[in-house]
Structure formats: C-alpha cells, structure tokens
Amino acid sequence: MLAIHLTQFGEPEKSLKVVDVPEPPAPTAGQALVQVEYAPLDHHDLLLAQGIYPVRPELPTAIGNEGVGTVVSVGPGVMEVSPGERVLLPFGVFSWSEQVVAEAADLTVVDKSISLEQAAMLTINPVSAGLLVGLRDLAAGSWVVQNAANSGVGRSVIVFAKERGLRTINIVRRAELVGELRDLGADIVVVDSADAGARAGSHRIRSGAPRP
C-alpha cells in the first residue's frame, strides 16, 4: 500500500516521500477501514510538514488533514457507517495513504452526488466560514467585508452570507476573479489596491444600498 510520509520537519519537497507500507489491520470495535479516494494538499499541510503547525506527530508518518473515502469494512458494534458509504475523514486521521482506520463515530457520511474534490474539503473551509458568518447575529441586509475572498473560506462566506440575506464586499488580488465571485453570489468585488475601500464604497452607493 502506498502512502506519503513526512520523514522530518523542514522543507516539504525534501521531507515528504512516497513509501510502500503495510495495509492497516482489520478494524476493531468502534472502528472503520476506509479506502481514501481524494485527499487535497492544503496550506496547513505544508505548515505541518515544516513543523510550525500546532500538530507535531511522531515521525515518520503520513500526513494530510482532509480527505474523503469509501468505507471498506467496519469493526464489531459499528452502527454509524456501513461498507460502501462515502465518508469524510476526521481531523487527525492523516489522509495521505491509500487506506486508513478511523473511529466510526468520527466519520461523516456524505452524498455521492457531491464531487470528491468538494467533499474532501468540507471539514475545514465551510466550517470556518459558517463560524465567521455566525459569530454575530447580523440583521438581513447587513454587510460582511472580507479580504482574500477567492479562498476556500471566502467562497463559502459568500454562499452562507447570501443564504442569510447578508451582503458581501469582497477584496481579491486578480481582476479575473471579479466575475467569478459575482456569479457565486458576491454583491461587490474589488481588486485590492490603496483605494479599494473607497471603490467598494462607491459601488455600494451606486447600488443604493444602506451604509454598512
């Protein structure tokens, strides 16, 4: 079975190695064996590899904080998931391996209509965005302003805000992202510059919207 192991903390291109490792043991009571189908590479994975992330596992080890897979088998007494179901891998079950064993109670079943790429990243970015949008009880029509709006969290903020009747001002780095985020539901999108705040305000005034 193949896995990507972190061999030492440092530069990822030097410390991450593809290795052949034994298959996991059969799941015991309360556990499930999962065939990993998609595991993204995110910035926090690189921070972990560099040794500056709060989590510092014993080395060598597979890493990867996000992933999605299919349940292969379950241990005695498992009722939460069944073989054949697609599940999100919980944080701490390092996903850069062909198969992993996880606590069944920590797995989340997802509909197979969701693409693997999107499902694999549901446990971090959307959750963060939901918490950000829900931190304050904002009235419908209120404005939310965010930088780096084209990030995974930023895109989720746009969707969650729109569902709650909130409006968004979104700052991005590249002009080609403006139309893309508007199509997603963003109210105002401006390219970052020294006068980005003023330009966002002028967009709001032209739209006849109330002040934030």
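View 1. The structure holds zero aromatic pairs, a pair being two rings of Phe, Tyr or Trp (its six-membered ring) with centres within 6.5 Å. What does sit over the ring of F9? The charged end of R56 does, 4.2 Å from the ring's centre; to count, CZ of Arg (or NZ of Lys) must be within 6 Å of the ring centre and within 35 degrees of the ring normal.

This is a predicted model, where local features need pLDDT of at least 70 and side-chain atom pairs count only at pLDDT 80 or more, while totals for chains, interfaces and linings use all residues. Residues are numbered from 1 along each chain as its sequence is written, and side-chain values use heavy atoms, with hydrogens and water left out.

**View 2. Here's Q99, in strand β7 (residues 99-103).** Strands are DSSP runs of E, at least two residues, and helices are runs of H or I, at least four, numbered from the N terminus. Q99 has a relative accessible area of 14%, so it counts as buried (under 20%, with a 1.4 Å probe and protein chains only). Its side chain makes a polar contact with the side chain of Q35, at 2.9 Å (N or O atoms within 3.5 Å, one able to donate a hydrogen and the other to accept it). Leaving aside neighbours within four places in sequence, Q99 is in contact (heavy atoms within 4.5 Å) with residues including M1, E23 and V72.

**View 3. Now for helix α5 (residues 152-163).** Its buried residues are G154, S156, V157, I158 and A161. Among the elements covering them are α4, β9, β10 and α6. Just after α5, G165 takes a positive phi of about 80°.

How values were computed:
Buried means under 20% relative accessible area, exposed over 50%, partly exposed in between (1.4 Å probe, protein chains only). The expected span of a helix is 1.5 Å times one less than its number of residues. Rings of Phe, Tyr and Trp (its six-membered ring) pair if their centres lie within 6.5 Å; planes under 30 degrees apart count as stacked, over 60 as edge-to-face and the rest as tilted.
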